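Please look over the sequence and the three-dimensional structure shown here before reading the notes that follow.

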Amino acid sequence: MDKQGRLIVLEGTDGSGKSTQFQLLCRRLEAAGKPFHRLVFPQYQEPSSALVRMYLGGAFGSHPEDVGPYAASTFYAVDRYASMKRVWGEIYRAGGLVLSDRYTTSNAVHQTGKLPPEEWETFLRWLADFEYDKLGLPRPDLVLYLDMPTERAVELLRRRERETHSKGDIHEVDEAYLAQCRRAAHTAAALWGWVRISCVTPEGQVRPEEDIHREIWDLVSEHL
Ligand code: ADP
């Protein structure tokens with residue numbers, strides 16, 4: 001798609017605090033009176049996410065590796081394509097600001113690590129070509145990558161499970177998989193120019209939500 005609007009993406013491994021930061025960012029934009037369109041992927045409530053739901057629910061196997069990265073990426077990509085066609089493509093083309101919790105970048109984070117490291121770059125190039133060039137999804141103007149050490153992310157995910165009385169999906173319950181996602185994310189961040197936000201202090205403690213939010217807001221403000 002020709003670049004006309006602006007697209008800002010919040011990315012990170014599971015349990016990095018994306019949803020929390022996304023809500024804080026949306027609230028701040030609303031308070032500032034900036035019009036924007038809000039996207040959250042996958043769109044679980046839409047039929048376009050049927051294969052994502054089957055995959056995460058374990059219909060194709062209970063381990064993420066049971067579905068190869070190329071196949072799994074297509075499940076998520078069609079969900080994005082459907083929402084672009086039906087909901088936000090026009091808004092973006094008209095010059096609007098679109099804010100997204102996850103995007104093509106999530107396939108980079110969650111699927112790349114299924115391959116041996118020597119194949120990562122080839123996969124990432126295929127992914128960008130497929131989603132951006134072939135499907136016509138716009139490339140993000142800014143990707144903010146929330147970097148949370150895996151041990152801390154697992155603690156936060158388990159706490160969320162206890163609080164919500166729900167168990168995580170096949171990605172979220174697999175700690176080795178989450179660690180591999182983080183390694184892959186660092187490769188993608190370097191290749192695709194993501195802005196890294198460390199979610200822990202130099203001593204390794206999780207930073208307060210408001211503190212991380214301020215850093216995000218400063219970066220986003222430059223693009224408004
Ligand atoms: P993600 O969307 O990346 O999976 P969430 O935003 O759902 O992550 O955060 C996971 C859990 O950690 C939630 O229970 C959330 O309330 C909590 N959380 C998120 N950010 C922080 C933070 N900076 N400090 C403490 N807890 C946090």
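Predicted model: local features only at pLDDT ≥ 70, side-chain atom pairs only at ≥ 80, totals over all residues.

Residues are numbered from 1 along each chain as its sequence is written, and side-chain values use heavy atoms, with hydrogens and water left out.

**Buried charged residues**

D147 belongs to strand β4, residues 142-147; helices (H or I, at least four residues) and strands (E, at least two) are DSSP runs, numbered from the N terminus. Because its relative accessibility is 1%, D147 counts as buried, a word that stands for under 20% relative accessible area, with exposed meaning over 50% and partly exposed the range in between (1.4 Å probe, protein chains only). The side chain of D147 makes a polar contact of 2.7 Å with that of R196; a polar contact is a pair of N or O atoms within 3.5 Å, and within protein one must be able to donate a hydrogen and the other to accept it, while residues adjacent in sequence count only if both atoms are side-chain atoms. When residues up to four places away in sequence are not counted, D147 touches R182, H186, R196, I197, S198 and C199, where contact means heavy atoms within 4.5 Å.

D14 sits in the loop between β1 (6-12) and α1 (18-31), and its side chain is joined to that of R102 by a polar contact of 2.7 Å. Apart from neighbours within four places in sequence, the contacts of D14 include R102, H110, A153, L157 and L178. The C-alpha atoms of D14 and R182 are separated by 9.5 Å, although these residues are 168 residues apart along the chain.

R80 is part of helix α3, residues 69-93. With neighbours within four places in sequence left aside, R80 is in contact with F41, W88, Y103, T104, N107, E131 and L137.

The table gathers relative accessibility for residues discussed in this report.

| Residue | Relative accessibility | Class |
|---|---|---|
| D14 | 5% | buried |
| R80 | 2% | buried |
| R102 | 15% | buried |
| H165 | 74% | exposed |

**The pair α6 and α7**

Two packed helices are described by the angle between their axes and the distance between the axes. The axes of α6 (residues 150-164) and α7 (residues 175-192) come within 10 Å and cross at roughly 130°; axes are lines fitted to C-alpha atoms, for helices over the stretch in contact, and angles run from 0 to 180 degrees between N-to-C directions. The two helices are therefore oblique to each other, since angles under 35 degrees count as roughly parallel, over 145 as roughly antiparallel, 65 to 115 as roughly perpendicular and the rest as oblique. T150, V154 and L157 of α6 meet E175, L178, A179 and R182 of α7.

**Backbone features**

F41 and P42 are joined by a cis peptide bond with omega of about -5°, and P42 lies in the loop between β2 (37-40) and α2 (50-56). R102, in the loop between β3 (97-101) and α4 (104-111), has a phi near 75°, which is a positive value in a residue other than glycine. H165, placed in the loop between α6 and α7, likewise has a positive phi, of about 55°, although it is not a glycine.
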